[in-house]
Structure formats: structure tokens, C-alpha cells
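Please open the model in your viewer and keep the selection panel at hand.

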Amino acid sequence: MSTPEFGRFSDPAILILASLAGGDKHGYAMMEDIQATAGVSLGPGTLYGALARLEQYRFIEALPSEDRRRPYRLTSQGAIFLRQYLTSLEHFVAISLQRLTA
Amino acid sequence: MSLRSWLTHLYPRAWRERYADEFDELLAQCLHSPLDVIDVFWGALDAHLQLLNGEEVNWRMMNKMNKLRTTLLIVFAAFIGFVIAGFSLVGLADDSPMIPLMQTDLPLHLSWILIHAGAVVALLAILIGGFPLGLTVLRQAFTLERGNRGWLLVPVIAFLVLLAYFAFVLLVGSGRIVLPGVVRVVQPGVFPAGNRLLLAGLMLVFVLGAVASTWAVWKAVSATEGEQQTFHPAGRPLALNIYHFAFVPALIASAAMLVIFVSTLVWGWLSFTAFPQVFAGNFGPWLTSTQAWYFGILALMLLCTLAAFYAIGRGRQAAQAE
């Protein structure tokens, strides 16, 4: 899979994918979840900048909304990408910790 | 113009067509400080830069695909509403004096035939239009990591529960199971409370099963990924946009619903003109008011027809998009 270009939305995109890995959510629920789990407060412009890119890459998908709030879900493509990203991060963390203790 | 609306209008038109409603709703909840306003400025600037950079921006197309999918789901839900109304209509006409009357009265007979013809056309349209979509849902349910297999169990369970209840009613009717207050053979004009309860349960299981199954199908289709699918009929690859493919059958199904509704209206009017005492009497299921059932059925059909045509109107633009 080619690495997508999220630009300044790289970190928010990962936070959104991780949030949606826990279940379908609309924008405000994602902001609250990310604040609670990662301690990061995403602004509305940043959130939707990342959401729009993730949707274009088909990493997330909008679900039909009953009101003006539209929920999103993680696609299988998004789950694969998130898993690959987190695995590479895990490898990087392990090497860094080894270097610190050496 | 409110601050929220003004901020949303900073974004490109194509972006707004896709995200404006939900973004405005989000701003209503989280626009607390000047930093949030600055954040929206940056977001809007980024969206314009994406367009200038010639990035693959397909907000419009994504929006249209979502609209088209929702259109098809609403038409499907309206069709299920018609199935419930149709069974109720058959229950109303069965064993009533309208059946022998229909054999001699040609206009009444024709309107009844038209109701059945509309039902067949609607069913075929739903089956044909929904076939590739159904195949995709099934395929993804068993191949994708996050496939929603659970939703597909709901219609199966609902059908099994209905079968089990129907078998129970048959066993009661045959006398193998004896229930207090339920008689095996109902005398004309007398319908004991126990029998009413038993049949009300059957109708409740049917309606609840239909509603739950529709809801589950809605969830399963919503979770389906990608509108372009490739099928292999007779070993040859066939690429299809499953939502575009289903639009014309959905239009035909909606037209058939309109035909059924108008035919039911005509049928009711002709029946009333020829046999007013039937409408004044209690020929509904469980000897209930004929009028109440008839107008209830009409109201449900009208509601479903309006919903289907509203959805078709909403999805027409999406279906015409390249």
C-alpha cells in the first residue's frame, strides 16, 4: 500500500483512525474520545481537514445520518493502514528504548 | 449571517456540498474560543490549497454516492412497508363478501388484479436491483476483516421465529396443543379473546421481524465498501457500479408502489359503492372495523409511496452523475 500524504493532518489522521477503531462516531464524539484517550484537543478545522483526506483515501466511510451529525466508520483498508502504522511505531519504540538502556 | 455560517462559507463550494451540514453542527457544539476560529481558518485555507494543488478531490462524488445509497435504502424500507400493508389488505379481503363480488364486478376485479401486478413488478424490481448489492454485502461479510456478519443473521432469525410461531399456531389449530380460551374452530361472527391474542401475536412477530430485518439490511448495506464491484457471471468479468445499477429498478419499484396505492384507493371506492355495508361492518382481521383497517392500510401505503418518491427525487442527481 502506498503511503498516503496527510501533510499537517498526519497526527490527527492517526488519532481519528484509532478513535474509529473503537466504534463508529460522529465528529464531536471523535473529538471527545481523542481528548479522553490521547489528551489531544483537535480543533474543528483540523478534524475535518483530516476527515476529508481519510475519506478520500477510503480509510473511513460516512454512514447515513438521521440528523445533521454524520457518523463515520473505519473501513477494512483503514484498519490495515492503522495496523501497519502502529506496528512500525512499536518497532521504532522498541529500538529507541534499547538505545536508551544501552 | 452567523459566525458559524460565515466560517463554513470560507470553504470551497464542493467541500461545502459534502460537509457543510455536519460541519455546522460540529461548530455549534465546539466553537468555544478564538483558537477554534483560527483552526477553522486554517482548515478552509487547506481545502482551497488542495484544489489549487490539483489533488484528487472527490468530495462531490463521495457525497453523491452516499445520497444514492440512502435513496436505495429508503426505497427498500418503503417496499417492506408495502409488504406489511399488502398482507393486511389480503387479510381484510379474505373471507369478506368482497371476494365473491370481485368475480362478477369487472372494474373491481381489474383493480384487484392491478394491485397484484404492481406487487409482482415491485418485488421483481427490488430483487433485480438489489441482487448485485446483496451479493456484495454477502461477499464482504465473509472476506473483510471488519465484515458485519451479525447484521445478516437478523433476517434469518426473524424468519425462523416467524416459522416457529406459525407452526405453534398450526399445532393449536390442529388440537395438538390446547390453550385456555382458544377454540380450534371459530364460529362465524364469534372470535374468542384467546384466538385474537394468538393471531395478534402472529402479526406482531411478522411486523417486528420485518422492521428488524429492514434495519439490519440498512446497517449491512451502509457498511458495504466501494460502489464499483466486479462480478464473474459465466466466468467473464463484469464491472458494475452497484448503486447506479439499482437506481432504475428502485424507480420502477416506486412507480409500482404508486400503482398499488392508486389501485387500492380505486378498489376501496368501488367496493364501498357496490357494497357499503361491508365498509360499515367488521370484516377486518379478528372481526375488527373494515374502515379502520382499510384507511390504516391506505395511510401506510401513502406514507411509503411518498418516502420512496422523496428518496428518488433526492437521489436522481446522484444517479445521473458520471
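Which residues lie nearest the centre of the largest pocket? Select B:F76, B:I80, B:I126, B:P155 and B:V217, which hold that position among the 39 residues of the lining. Before going further, note that this is a predicted model, in which local features need pLDDT of at least 70 and side-chain atom pairs count only at pLDDT 80 or more, while totals for chains, interfaces and linings use all residues. Residues are numbered from 1 along each chain as its sequence is written, chains are lettered from A in the order in which they are written, and side-chain values use heavy atoms, with hydrogens and water left out.

**First stop: the pocket**

A pocket here is an open set of points on a 1 Å grid over the protein atoms alone, where a 1.4 Å probe fits, with protein on both sides within 12 Å along at least five of seven lines; lining residues have an atom within 4 Å of a point. The largest pocket holds about 1100 Å³ of space, a volume being the space filled by probe spheres set on the points. Next, select helix 6 (106–143) of chain B; helix 6 gives the most to this lining, with 12 residues. Colour the lining by class: 33 residues are nonpolar, 6 are polar and none is charged. In this scheme Ala, Val, Leu, Ile, Met, Phe, Trp, Tyr, Cys and Pro count as nonpolar, Asp, Glu, Lys and Arg as charged, and the others, Gly among them, as polar.

**Second stop: where the chains meet**

Now select the residues in contact (heavy atoms within 4.5 Å): 35 residues from chain A and 40 residues from chain B. Within chain A, select A:Y48, A:Q56 and A:R68, which supply 22% of the area that chain A buries against chain B, more than any other three residues. Buried area is the accessible area (1.4 Å probe) lost when two parts are put together, summed over both; the two chains bury about 3200 Å² between them.

Side chains of opposite charge can pair when their charged atoms come close. A salt bridge is a side-chain nitrogen of Lys or Arg within 4 Å of a carboxyl oxygen of Asp or Glu. Select A:R68 and B:D24, whose closest N and O atoms are 2.4 Å apart.

Note on methods. Helices (H or I, at least four residues) and strands (E, at least two) are DSSP runs, numbered from the N terminus.
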